[in-house]
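Open the model in your viewer and keep the sequence panel beside it. The stops below go from one selection to the next.

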Amino acid sequence: MTLLDNRPATASHPYEGLRVVKARHPGRWAATAVVAVLLAMVANSLITNPRWEWGVVWAYLGEVSIVEGVWMTIKLTLITAVLGFALGTVLALMRLSQSPLLRAVSWGYTWVFRSVPLILQLLLWYNLAYLYQTLDVGIPFGPSFASFETLSLIDKFGAAILGLGLHQAAYSAEIVRAGILSVDQGQHEAAASLGIPRRRQSTRIVLPQAMRTIVPTAVNEVIGLFKGTSIVYVLALGELFYTVSVIYGRTQRVLPMLVVAAIWYVVLTTVVTVIQFYVERYYARGAVRTLPPTPLQRLRGNLTAGLARVRPTSGSTSDRDPVTR
Amino acid sequence: MTAVDTRPGRVEVHGVHKSFGAHEVLHGVDLVVEPGSVTVILGPSGSGKSTLLRSINHLETVDRGYVALDGELVGYRRRGDVLHELKERDLLRQRTRFGFVFQSFNLFPHLTALENVVEAPVSAQGRNRREVEAEARELLARVGLADKAGAHPRQLSGGQQQRVAIARALAMKPAVLLFDEPTSALDPELVGEVLSVITDLARTGTTMIVVTHEIGFARQAADRIVFMDSGRVVEQGTPAQVLDDPQHERTKAFLAKVL
């Protein structure tokens with residue numbers, strides 16, 4: 001090690017003032033160019049091919065029946081998600097219970113509702129009135145207090161909610177169960193050793209921590225539901241996809257109408273994705289030392305970093321530290 | 001020692017057996033801990049120390065024998081000749097008389113240090129939150145963490161986390177404090193700060209049972225040392241008796257290795 005002798009650091013070092021040439025990445029440049037050309041081709045065809053009929057797309061995008069269809073899709077998704085996750089949580093708790101019957105019933109439910117195709121379940125619920133003309137509220141095996149016509153209780157909308165919700169519950173149960181299992185056993189023990197009441201243990205200690213595991217998968221499910229609701233067109237329920245198909249059945253403008261639907265689905269999914277970011281950030285408290293920046297904070301950070309690069313502080317290259325916090 | 005000590009915190013363990021599957025971990029343990037005393041349990045890994053400690057506050061149910069705190073059975077209620085297992089609500093209430101400090105801290109990671117300390121007195125004992133918060137700040141100051149009240153556990157060092165855990169246990173005003181290897185998960189340089197907090201507590205006359213491998217701490221803070229091996233209490237006495245003049249072969253062999 002004769003190169004690095006004991007001269008003080010302030011004295012000019014043999015490497016001081018040498019120019020740094022960054023490594024070149026020809027492969028990366030080539031790939032970038034290819035993708036840029038492909039993107040340009042896609043954009044070109046979207047703009048120049050008249051068969052996309054962008055005028056029609058634009059005209060129908062905000063049409064009343066389409067907006068009503070979007071609203072129906074949102075309603076179906078939200079109600080089903082709430083119903084699915086509420087029932088799913090109950091099923092997950094049953095599955096983790098000490099009672100073998102509760103465990104078995106929960107397992108059986110998940111087994112059946114995951115096994116039967118959703119489209120089949122929807123049609124079954126819609127035809128429930130064939131099996132049971134009336135639905136009664138009363139004492140099991142005893143007298144009935146009130147009786148309802150099945151047909152009036154489970155209309156198209158009811159059948160859709162039941163079908164989607166009960167199907168979703170089977171999947172949600174597994175998601176919630178995985179979340180609860182992901183919480184360290186020591187957390188249950190600490191809560192128990194402090195004498196925290198059982199209910200409070202769940203709501204205050206276990207579930208908030210389980211949410212970190214649950215949220216990403218749950219949002220995945222909600223996004224899946226937004227698009228999955230299109231399956232209820234078999235019940236001729238006026239959600240987005242059914243509305244669109246009715247319109248193109250009438251006007252024969254199939255492709256533009258499909259594009260209208262696609263645009264709306266993308267919009268809905270985007271909104272959910274944004275919400276997901278903030279929900280995840282909320283439940284990350286305590287799990288990470290510093291929270292990830294919000295898009296706004298990141299934008300501000302990038303701007304300041306960019307400005308700093310444009311106006312480098314007078315000094316050597318070592319001052320231009322690209323690391324931003 | 002006087003015949004009747006009226007302070008709370010007398011722990012009696014009688015003939016406790018405990019198996020996990022076919023493996024018996026405790027083979028009839030007897031132990032009496034006097035109120036206000038500090039008992040240190042020593043012994044090799046797998047000797048049943050932690051299981052014994054967890055049996056005392058009923059985190060583990062014992063297969064045979066019983067545990068009592070101030071003459072009251074832990075985990076059961078006696079009616080005539082029958083022992084009824086306590087309902088969970090009553091068991092949880094009984095547990096508030098024990099403070100438990102875990103090897104891995106087990107702080108609630110999504111709550112701040114202050115919220116960790118405040119949670120149980122409010123939700124388990126139904127006390128006024130404002131009052132408890134003031135007390136919790138005092139407790140955090142007592143363990144040297146007055147300025148960390150708003151920090152989340154992952155923002156704290158291991159030693160700081162364990163000190164918060166001790167404050168959390170103290171907030172319940174327990175009759176007995178149980179420590180399960182409180183310094184085993186810590187870097188060597190952080191062990192001292194936790195032990196000094198425990199030593200301070202020992203001077204205040206709280207009944208404490210400490211499972212540890214820190215022989216120096218045992219010598220300094222313990223009133224009694226209990227040596228366990230293979231699920232039995234092999235030997236017990238004052239630190240001078242057990243550490244300097246061990247009678248049993250197993251004790252001698254263990255001390256020869258760790259001293």
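Helices (H or I, at least four residues) and strands (E, at least two) are DSSP runs, numbered from the N terminus. With that in hand, select S97(A), which sits in the loop between α3 (64-95) and α4 (100-115) of chain A. This is a predicted model, in which local features need pLDDT of at least 70 and side-chain atom pairs count only at pLDDT 80 or more, while totals for chains, interfaces and linings use all residues. Residues are numbered from 1 along each chain as its sequence is written, chains are lettered from A and ligands numbered from 1 in the order in which they are written, and side-chain values use heavy atoms, with hydrogens and water left out.

Is S97(A) buried or exposed? S97(A) counts as buried because its relative accessibility is 18%; buried means under 20% relative accessible area, exposed over 50%, and partly exposed in between (1.4 Å probe, protein chains only). Leaving aside residues up to four places away in sequence, S97(A) touches L102(A) and R103(A), where contact means heavy atoms within 4.5 Å.

**Chain A: annotated spans**

Select residues 70-276 of chain A, where UniProt places "domain: ABC transmembrane type-1" (unreviewed entry). UniProt positions are given in the numbering used here, feature names are shortened, and annotations may be inferred rather than shown by experiment. The span is 77% helix and 5% strand, with its end C-alpha atoms 20 Å apart.

For "transmembrane region" (unreviewed entry), UniProt lists residues 29-49, 69-94, 106-126, 230-248 and 255-279 of chain A. Colour two of them. Residues 69-94 of chain A are 100% helix and 0% strand, and 37 Å separates the end C-alpha atoms. Residues 106-126 of chain A are 90% helix and 0% strand, with end C-alpha atoms 24 Å apart.

**Two loop residues with positive phi**

Most residues other than glycine have a negative phi, and most peptide bonds are trans. Go to E53(A), in the loop between α1 (26-48) and α2 (54-61) of chain A. Its phi is positive, near 50°, and E53(A) is partly exposed, with a relative accessible area of 26%.

Then switch to D70(B), in the loop between β4 (64-69) and β5 (72-73) of chain B. D70(B) is not a glycine, yet its phi is positive, at about 50°. D70(B) counts as partly exposed, at 31% relative accessibility.

**Where the chains meet**

UniProt places "domain: ABC transporter" (unreviewed entry) at residues 11-255 of chain B. That span is 37% helix and 28% strand, and its end C-alpha atoms lie 27 Å apart.

Now colour domain 1 (11-97 + 175-258) and domain 2 (110-173) of chain B separately; the bounds come from an automatic or database domain assignment. Their C-alpha centres lie 25 Å apart. In chain B, 13 residues of domain 1 are in contact with 15 residues of domain 2. The area buried between these domains of chain B is about 1,000 Å², with 72% from carbon and sulfur atoms. In domain 1 of chain B, T96(B), E193(B) and V197(B) lose the most area to domain 2, together 40% of what that side buries.

**The nonpolar cores**

A nonpolar core is a set of buried Ala, Val, Leu, Ile, Met, Phe, Trp, Tyr and Cys residues joined through side-chain atoms within 4.5 Å. The largest has 51 residues, and I166(B), F179(B) and M208(B) have the most contacts inside it. Helix α6 (residues 188-203) of chain B gives the largest share of this core, 8 residues. The core draws at least three residues from each of domain 1 and domain 2 of chain B.

A second, separate core of 38 residues includes Y60(A), L225(A), I247(A) and Y265(A).

**Last stop: helix α9 of chain B**

Select residues 249-258 of chain B, helix α9, where T251(B), F254(B) and L255(B) are buried. They lie on the same side of α9(B) because they cover an arc of only 95° around the axis, taken from the directions from the helix axis to the C-beta atoms. The face turned away from the buried side of α9(B) carries the exposed residues E249(B), A256(B) and K257(B). To see what covers the buried residues of α9(B), show chain B elements including β3 (38-42), α7 (215-221) and β11 (224-229).

How values were computed. Buried area is the accessible area (1.4 Å probe) that two parts lose on being put together, summed over both.
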